[in-house]
Every structure is written in structure tokens, then in C-alpha cells.
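Work through the exercises below with the sequence and the 3D structure open beside you. Try each task before reading its solution.

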Amino acid sequence: MEKFTRLDGLVAPLDRANVDTDAIIPKQFLKSIKRSGFGSNLFDEWRYFDHGEPGQDCSGRPLNQDFVLNQPRYQGAQILLARENFGCGSSREHAPWALLDYGFRVVIAPSFADIFFNNCFKNGILPIVLDAAAVDELFRETLAKEGSRLTVDLDAQTVTTPAGKVLSFEVDGFRKHCLLNGLDDIGLTLQHADKIKAYEERRRQSEPWVFM
Amino acid sequence: MSAQTLYDKLWQSHVVHTEPDGTALLYIDRHLLHEVTSPQAFEGLRLAGRKPWRLSANLAVADHNVPTTGLAQGIADPIARLQVETLDQNCMELGITEFRMGDPRQGIVHVIGPEQGATLPGMTVVCGDSHTSTHGAFGALAHGIGTSEVEHVLATQCLLQKKSRAMLVRVEGALGKGVTAKDIALAVIGQIGTAGGNGYAIEFGGSAIRALSMEGRMTLCNMAIEAGARAGMVAVDDTTINYVKGRPFAPKADQWERATAYWHTLVSDSGAHFDALVEVDGAAIKPQVTWGTSPEMVVAVDGKVPDPMAEADPVKRSGIERALAYMGLQANTPIVQIAVDKVFIGSCTNSRIEDLRAAAAIAKGKHKAANIKQVLVVPGSGLVKQQAEQEGLDKIFVEAGFEWRDPGCSMCLAMNADRLEPGERCASTSNRNFEGRQGQGGRTHLVSPAMAAAAAIAGHFVDVRELMSEV
């Protein structure tokens with residue numbers, strides 16, 4: 001996993017609540033057996049007017065110019081600003097894979113769906129929860145000024161606006177540690193292999209039917 | 001020891017190790033796999049030179065991509081076929097038990113786990129699918145995981161987890177005639193919203209829940225994720241234990257008594273602390289129909305499509321306007337005046353035998369309306385299909401002009417050939433009415449199996465309670 005420390009990036013505002021993982025990456029793209037290549041189909045049904053299929057060259061497809069990511073001012077955005085309950089719906093990790101492949105490293109929202117939130121950390125994406133009023137303010141500032149950027153510092157747990165306002169956010173210590181260092185958490189877990197084996201041994205005695 | 005919730009008990013009994021910040025290493029008893037969210041996990045395992053930690057914990061089945069007709073011809077779509085073949089190959093190489101296409105035990109992963117007794121009380125159950133919450137119906141801790149976590153479970157038999165807060169949804173009272181677990185689920189989501197359960201594990205309790213069959217409890221826990229809660233659960237009682245008894249993976253003679261003695265302790269102690277309590281009057285719940293593009297956009301069948309002008313919150317108002325535009329609906333339209341084009345009876349929410357019986361009871365001796373283009377009835381597994389055929393349900397459906405299909409996820413998410421065309425309106429027993437969920441531009445209304453069958457016969461939504469009183 002690519003580590004995440006600090007990012008100064010262009011912000012794209014996606015002004016909808018309850019953005020679900022079917023919208024982030026529609027089901028036909030889930031047939032892939034790879035982890036990469038989902039970026040051109042991120043928000044496929046909102047980005048294009050036609051129906052997309054896996055493996056298709058998207059360069060000639062009709063674009064919905066009204067959709068935020070198609071507007072010239074948001075090209076190259078690395079920070080997605082979103083509303084409540086972002087990433088609700090299915091557990092598909094293809095959603096963070098698509099966001100990452102497109103170029104997003106940070107998503108800021110007042111709340112996230114649990115599984116999506118968790119999946120982000122496994123892929124070097126930092127999901128940041130800010131209160132609804134702060135997110136409202138960021139939407140206003142981003143829309144008001146073209147080229148609006150934010151600076152995100154994971155170590156300091158801060159988001160800094162162009163005006164110099166510093167917003168703090170919470171992150172679990174363990175997740176922060178893994179993300180700052182780009183750690184493979186399977187490797188970390190296997191350091192506890194002896195504990196896992198000892199636990200299994202106890203359970204084999206108390207609940208042998210689980211191990212049939 | 002202080003009073004514990006069912007969730008506390010399930011959590012504590014599976015903690016292997018705890019990090020200083022409270023992140024726990026949680027042991028996973030049962031890992032269910034399907035073709036869509038596993039290939040990258042198997043590839044990661046292979047690239048790192050790792051092996052599955054405990055083979056017997058894993059059970060695999062292809063369900064999302066499988067065709068529901070013409071099984072003998074295989075999968076026409078080469079990309080989907082490769083994904084199913086990749087699962088077959090991975091399971092064969094590693095020695096993981098898989099129910100392949102054509103095996104009568106094949107079906108939707110959340111139907112076959114309980115059907116086989118692979119889901120047992122007291123277990124932790126995970127799968128790379130959000131509807132894994134279904135298995136919590138057994139007094140198990142069950143939730144969906146992403147593909148990185150599928151790999152993590154394969155390699156370590158554990159997951160890194162932070163404990164959720166506990167919510168009790170208490171539904172008291174007797175359900176009215178024609179009101180089902182699906183209606184409870186939709187009514188609860190309507191009440192607390194699709195983010196209402198974020199950060200919580202929900203326990204469903206109260207007299208209405210105790211009165212539900214295991215299949216009803218599975219329907220309810222299945223939809224916990226639509227309320228934002230990764231896990232839903234119901235305490236163990238005799239209903240649970242009677243359902244599990246005799247199933248292929250269930251404990252046998254010598255261990256059965258020991259197991260059931262333990263399982264009976266899997267209830268919340270009286271006085272246990274919940275971080276949130278939601279109370280629902282079960283007797284007041286009516287059959288539910290969603291009108292929008294989120295499961296929380298739901299009303300009772302005798303209600304109307306809402307008017308965005310009545311909503312004060314601007315984000316919510318624009319959400320309602322967008323949903324009405326997508327759904328092609330006018331504000332204030334009575335639900336029973338909404339005509340549908342297609343009907344889907346199936347999915348991990350509502351494809352079990354009781355669901356099919358409820359639909360058949362409505363369809364018996366009737367025929368789908370002239371405006372209904374297609375009614376798909378997709379059983380949850382090959383064994384559900386066999387059972388339904390033994391009961392003659394297939395004949396009732398076929399005589400009503402419904403299509404009797406082979407098991408799979410089908411038009412719940414339209415990864416296979418079963419889908420809506422743009423603008424088509426569907427009464428569906430599935431779990432998500434998101435934009436494009438059942439096909440790009442498709443319009444989904446979530447309902448119970450009886451309500452879906454009733455819409456197929458009438459050509460529009462009807463209050464199933466009125467049909468039942470005719471009998």
C-alpha cells in the first residue's frame with residue numbers, strides 16, 4: 001500500500017448525500033479479476049451519457065458536461081468533498097480502487113458508511129470526517145473560487161484551507177500508523193501468529209463444532 | 001460481571017489480541033466466498049507466497065454472475081465466465097470447499113450458509129459482501145468485508161476491528177396480516193434512515209422479532225446494512241436451534257447438547273447497556289413500498305409519493321427532487337396508482353421457501369396483468385428450488401405467467417443477463433433501490449414477496465391486505 005503523509009490537492013465538490021457504491025463503480029465493472037483500471041469508470045453512470053462496459057475505450061464516450069468531474073476546473077482533483085453517508089451500499093472494494101485509480105487520495109464528508117470507510121484505509125485513501133457545518137463551509141469556498149485547494153496533514157490530523165483556517169480531524173491510532181507507513185496489515189497480524197494459534201486451541205476445546 | 005449485550009458476548013469471545021488504541025484482532029470462524037470479491041484476494045495471497053490459515057473455515061459459491069436460465073449452456077459473457085472459472089480454479093488449487101454451478105447446493109451465498117448449517121450461533125461470519133449481516137439472525141456476529149480483508153482472513157483467520165456501539169431495535173406487538181419481516185426492515189430504515197445505524201451493531205428484539213421464523217429474521221438482519229449497520233443480530237431461542245438441527249454442517253449427536261447449552265446463553269442479559277434504543281410499534285407497521293433511490297425513501301402502501309416542497313432541509317429537498325426525477329414520479333401520487341413493468345422475486349433478502357410460498361399464495365389461480373412485461377421468480381438455492389417444486393409452487397408461478405428460474409443473485413444487482421431497461425419500473429423483493437442498481441436507468445421499488453406478487457397480478461401496487469381479506 002502507498003503511504004499517505006501530507007497532500008496539497010485540488011478539491012472536487014460532489015454535492016449529493018448517500019452516494020452509494022453502485023454509483024461510485026457500477027456492477028458491470030465488478031467482473032474484473034484485477035485491482036486496477038477502474039478509474040475511467042468511476043461514477044460511470046453520472047459521467048457518461050451512454051452505457052459503459054468493461055474493457056471499453058472511454059475516450060470517445062459522450063460526456064455529461066454537467067457532472068462535476070467533467071468540468072475543466074476540477075481536472076486533476078485529488079480531494080473529493082462529499083455529503084453524508086458517502087460510500088453506502090455494497091462492500092465492493094472496487095469503489096476505493098476506482099477513486100484511487102482516478103487520482104483521489106482523500107475524501108472529506110460529514111459521515112461515511114462503515115465498510116467503505118474501512119476499505120479506504122486498506123488502499124492508501126484517507127477518509128476524513130468533519131462536522132456538517134465545516135463541510136458546508138468547504139463546499140461554499142470550493143464552489144466560490146476556481147482552483148480551490150486544501151492541505152491535508154495526516155500526522156498532524158489537520159485540513160488547512162487556502163485562507164489558513166485549520167480544521168482538525170480524528171483518526172484511529174492504529175489506522176493512522178498503518179497509513180503513514182504504508183504497512184501491509186497481514187504482515188502485522190502474522191506477527192501475532194502464536195496468539196492466534198493459542199486462541200484456536202482454546203476454542204477447539206470449548207467449541208469443537210466450529211472447527212469441523 | 002456486569003450485564004452484557006449479545007454483541008458484547010460475541011465480540012469478547014473472539015478477541016485474540018488488542019492494540020493500545022482498542023483495535024482488536026478478532027478471530028473469524030466462518031468465511032464465505034463468492035466470485036466477485038475474491039479473485040484479487042487470492043491473487044494477493046499467491047503473490048505474497050501465503051496459504052489459507054484454516055481451510056475448513058472457508059466455503060465458496062458462485063452467485064452474482066451465474067445465469068438463471070439455460071445453465072447447461074454456461075455463462076455467455078466471457079468476462080463473467082472468467083470470474084466464475086477463476087473462483088473454481090482458486091478453490092480447486094487450495095482445496096476450499098465450493099458448491100459449483102449445477103450442484104443442487106449452489107445458490108446465493110447468504111442463503112446457502114444457513115441452509116447448510118455452515119452458519120451457527122456464536123460464530124463470527126464474514127464474506128466479501130455487505131449482506132453478510134443476514135447471518136446475524138442466528139445469534140452470530142456477521143458482517144461484510146472488502147477484498148483486502150478477504151485476503152486478510154484467508155491468510156490469518158482474523159480481522160482487525162474496532163468495536164461498534166450497540167443499538168437495540170425493539171419491535172413489540174403482533175404484526176398484522178400481510179405484514180412481513182421485509183416490512184419491519186423497511187419501516188425501521190424509514191424511521192432511522194440509511195445512516196441511522198452507522199457505527200452500530202444492531203440487535204433486533206421484542207415480541208414481534210421473537211415471533212418471526214428464522215427466514216424472517218434473516219430478511220431483517222439482511223437489511224441491517226441498509227440502515228447503515230454492518231451487523232444485525234437476533235438472540236438465540238428455540239426457533240434458532242430447531243432451524244439448525246440436522247443441517248449438514250451442524251454439530252452432531254455427541255456435540256449437539258453441548259452446543260445448544262452454550263447457544264442458549266447467546267442473549268443480551270437483562271439490564272445490559274445499549275448505546276441507542278429504537279422502539280417500533282409492530283402492530284402499526286403496514287406493507288411498505290419504497291418510492292425513491294435510497295431504502296429510507298419509503299412509505300406505507302396506503303401513502304403517497306412525498307412532496308419535496310414540504311421538506312425544509314435543502315440537501316434533503318434536492319435529494320427528493322433528484323429521486324423523483326430519476327424515478328419518473330410526481331409528488332403526491334398515491335402509491336397504489338403507480339404501475340410497474342417488471343417484477344423480481346428473489347435475492348438474499350427474499351428468496352427462501354417461505355418467501356416463495358407467500359408469493360405463490362397471492363399468485364395462485366391468477367395471471368399477471370397485461371402491462372407486466374416480465375415476472376422473474378429466482379429461488380435462493382438449488383435446494384430451495386427443489387423444495388418449491390415438491391410443493392408445486394413452480395406450477396402456480398408458471399400458470400400465472402411468471403418465469404421460474406435457476407438460483408442466483410440475478411436482478412437484485414443485474415450482473416448477469418437479468419436486468420431492467422432504462423425507464424422500466426420494477427416491484428422488487430431485493431434490498432437496494434439505488435440508481436442503476438437493477439440496470440442503468442431502471443426504477444426499483446422495494447417490497448415484500450407478497451406485495452411483489454400482488455403488483456404482478458394487478459399491474460400496479462396494491463395493498464396486499466385487501467387481497468388477503470378476499471380469500
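## Exercise 1: A hairpin and its sheet in chain B

In chain B, strand β1 (residues 15-18) and strand β2 (residues 24-27) run antiparallel and are joined by 3 bridges. The model is a predicted one.

**Task.** Find the bridge partner of B:His17 in β2(B), then state which strands form the sheet that holds β1 and β2 of chain B.

**Solution.** 

Step 1. Start at B:His17 and cross to β2(B): the bridge partner is B:Leu25.

Step 2. β1(B) and β2(B) form a hairpin, with 5 residues between them. In the turn, B:Gly22 has a positive phi of about 95°.

Step 3. β1 and β8 (158-161) of chain B are the edge strands, each pairing on one side only. From one strand to the next, the twist averages 25°.

## Exercise 2: The sheet of chain A

**Task.** Determine which strands stand at the edges of the sheet in chain A, and why one side of each has no neighbour in the sheet.

**Solution.** 

Step 1. Write down the strand order. The open sheet of 7 strands reads β4-β3-β2-β1-β5-β6-β7 (chain A), with mixed pairing.

Step 2. Look at the two ends of that order. β4 (126-129) and β7 (166-168) of chain A each have a single partner strand, so one side of each is left without a neighbour in the sheet. Neighbouring strands here are turned by 25° against each other on average, direction ignored.

Step 3. Check one pairing in detail. Strand β3 (residues 106-109) of chain A runs parallel to β4(A), and 4 bridges join them. One residue to look up is A:Ile108, whose bridge partner in β4(A) is A:Ile128.

## Exercise 3: Aromatic pairs

**Task.** Decide why the rings of A:Phe43 and A:Trp46 count as stacked.

**Solution.** 

Step 1. A pair of aromatic rings is described by the distance of the centres and the angle of the planes.

Step 2. Recall the cut-offs: the centres must lie within 6.5 Å, and planes under 30 degrees apart count as stacked. By this rule there are 18 aromatic pairs over all chains.

Step 3. Apply them. The ring centres of A:Phe43 and A:Trp46 are 5.7 Å apart and the planes are at 5°, so the pair is stacked. A:Phe43 is buried, with a relative accessible area of 0%, and A:Trp46 is buried at 11%.

Step 4. Together with A:Phe86, A:Phe117 and A:Phe121, they form one aromatic cluster.

Step 5. Look for charges over rings. A:Arg83 lies over the face of A:Phe139, 4.0 Å from the ring centre. In chain B, B:Arg247 lies over the face of B:Tyr243, 3.8 Å from the ring centre.

## Exercise 4: The nonpolar cores

**Task.** Which residues touch the most other members of the largest nonpolar core?

**Solution.** 

Step 1. List them. In this core of 112 residues, they are A:Phe43, A:Phe86, A:Leu99, A:Ile108, A:Leu126 and B:Phe402. The element that gives the most to the core is helix α15 (residues 449-458) of chain B, with 8 residues.

Step 2. Inspect one member. Beyond its neighbours within four places in sequence, A:Leu126 has contacts that include A:Phe4, A:Val106, A:Phe121, A:Leu154 and A:Leu179.

Step 3. Note the other core. A second, separate core has 83 residues, among them A:Val210, B:Leu120, B:Val234 and B:Leu446.

## Exercise 5: A residue in a loop

**Task.** Is B:Ser133 buried or exposed?

**Solution.** 

Step 1. Locate B:Ser133 in the loop between β6 (124-127) and β7 (141-144) of chain B.

Step 2. Compare with the cut-off: buried means under 20% relative accessible area. B:Ser133 has 0%, so this residue is buried.

Step 3. See what surrounds B:Ser133. Not counting residues up to four places away in sequence, B:Ser133 touches residues including B:His143, B:Cys221, B:Asn222 and B:Arg230.

Methods:
Residues are numbered from 1 along each chain as its sequence is written. Chains are lettered from A and ligands numbered from 1 in the order in which they are written. This is a predicted model: local features need pLDDT of at least 70, side-chain atom pairs count only at pLDDT 80 or more; totals for chains, interfaces and linings use all residues. Side-chain values use heavy atoms; hydrogens and water are left out. Rings of Phe, Tyr and Trp (its six-membered ring) pair if their centres lie within 6.5 Å; planes under 30 degrees apart count as stacked, over 60 as edge-to-face and the rest as tilted. Buried means under 20% relative accessible area, exposed over 50%, partly exposed in between (1.4 Å probe, protein chains only). A charge sits over a ring if NZ of Lys or CZ of Arg is within 6 Å of the ring centre and within 35 degrees of the ring normal. Two strands pair if DSSP finds at least two bridges between them. Helices (H or I, at least four residues) and strands (E, at least two) are DSSP runs, numbered from the N terminus. Axes are lines fitted to C-alpha atoms, for helices over the stretch in contact, and angles run from 0 to 180 degrees between N-to-C directions. A nonpolar core is a set of buried Ala, Val, Leu, Ile, Met, Phe, Trp, Tyr and Cys residues joined through side-chain atoms within 4.5 Å. Contact means heavy atoms within 4.5 Å.
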